[in-house]
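I opened a new page for this protein.

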Amino acid sequence: MGVVLRRVHDAVTRAREVTDHPVLTHLARVGLTAYGVLHLLIGWLAFRIAWFVQPSTADADQTGALQTVAGSPGGRVLLWVIGLGMLALSVWQAGEVLRWWTGLLRPGHRRRVAVVCAKCGAKAVVYAVLGVTALFFAVGAEYDAAVRFRELTDDALHIPGGAALVVAVGVGVVAVGLYTLVRGFTGGFMKDIDLHAAPDRVEPVIQHVGAVGYVAKGIAFAVSGGLLVYAAATSDVSTATGLDGAMNAIGAVPTGQWLLTAVAVGFAAFGVYALARARYPDRDPST
């Protein structure tokens, strides 16, 4: 057993040398910048849904933002940069799992380390999915996340136990939304900023902007999860379209125009926060 653990430790150490390499760190910053720009675009798309007379032709979600990039001058090149940057960011974030894995071998730390590794792994998966989606658009492939999400939900509802599975996923999305809200209210997101590198005068600005962004994202995720639970309860998958469905649902309630405008501003604020994180990144989830 000792020989096996030593070999695993050596392999992880070599892998960490890759994920900690300065070149990958710079590429991850490109990914964080792209992540910020995508949220700025989502904010703009949500604002269009709130105020334009004609419905927006692009979904107010990540694929809508990528479609907007694709339709801009030099969009295909930008999509390659975004895609590769997001994939680099995914690898960079996954490096935290390699940094923390030995804690799983210590009984007193297993639960906390498992939570940290799960969070880092989940972030890495999200970044990887965005990166792959951007590359799909870069090569001219067609993809609509809202439509695909609705189709998957419909397929799930037609299998035994599928409704319970959809409810479980919806509850999980709501939980992510609530967790995001808590991070916004408590300022926990500042742990992802290298406060030693950021000027003192900038820190309060980043904190206020980030708080607005996290609260807006938390609300959107919670609504998205609620719509998924509703789809399972009613067998109506028309609202199960992920983030885009949540944006449209917010806009459809009384005073929804103003609520959706607030959410749009929040997503734009999150984009600004992500750009600040790209400037002063700290991926250590322990602090």
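Is the crossing of H2 and H9 left-handed or right-handed? I looked it up, and the crossing of H2 and H9 is right-handed. The term works like this: a crossing is right-handed if the near helix is turned clockwise from the far one by less than a right angle, and left-handed if anticlockwise.

**Ground rules.** I am working with a predicted model, where local features need pLDDT of at least 70, side-chain atom pairs count only at pLDDT 80 or more, and totals for chains, interfaces and linings use all residues. Residues are numbered from 1 along each chain as its sequence is written, and side-chain values use heavy atoms, with hydrogens and water left out.

**Overall fold.** I found 10 helices and 0 strands. Helices here are DSSP runs (H or I, at least four residues), strands are E runs of at least two, and both are numbered from the N terminus. Of the 287 residues, 42% count as buried. Buried means under 20% relative accessible area, exposed over 50%, and partly exposed in between (1.4 Å probe, protein chains only).

**H2 and H9.** I went back to this pair. The axes of H2 and H9 (residues 242–252) come within 10 Å and cross at roughly 40°. Axes are lines fitted to C-alpha atoms, for helices over the stretch in contact, and angles run from 0 to 180 degrees between N-to-C directions. H2 and H9 are therefore oblique to each other. Angles under 35 degrees count as roughly parallel, over 145 as roughly antiparallel, 65 to 115 as roughly perpendicular, and the rest as oblique. H2 brings Ile 42, Ala 46 and Ile 49 to the contact, and H9 brings Leu 243, Asp 244, Met 247 and Asn 248. Contact means heavy atoms within 4.5 Å.

**H8 and H10.** I checked a second pair. The axes of H8 (residues 203–234) and H10 (residues 256–279) come within 7 Å and cross at roughly 130°. That makes H8 oblique to H10. Their crossing is left-handed. The contact includes Gly 213 and Lys 217 of H8, and Phe 267 and Phe 270 of H10.

**His 39.** I ended on one residue. His 39 sits in helix H2 (residues 22–51). Is His 39 buried or exposed? His 39 counts as buried because its relative accessibility is 2%. Its side chain reaches the backbone oxygen of Tyr 35 at 2.9 Å. Leaving out residues up to four places away in sequence, I listed its contacts: His 39 touches Lys 217, Phe 267, Ala 268, Phe 270 and Gly 271.

Key: Polar contact = N/O pair within 3.5 Å; in protein donor to acceptor, adjacent residues only side chain to side chain.
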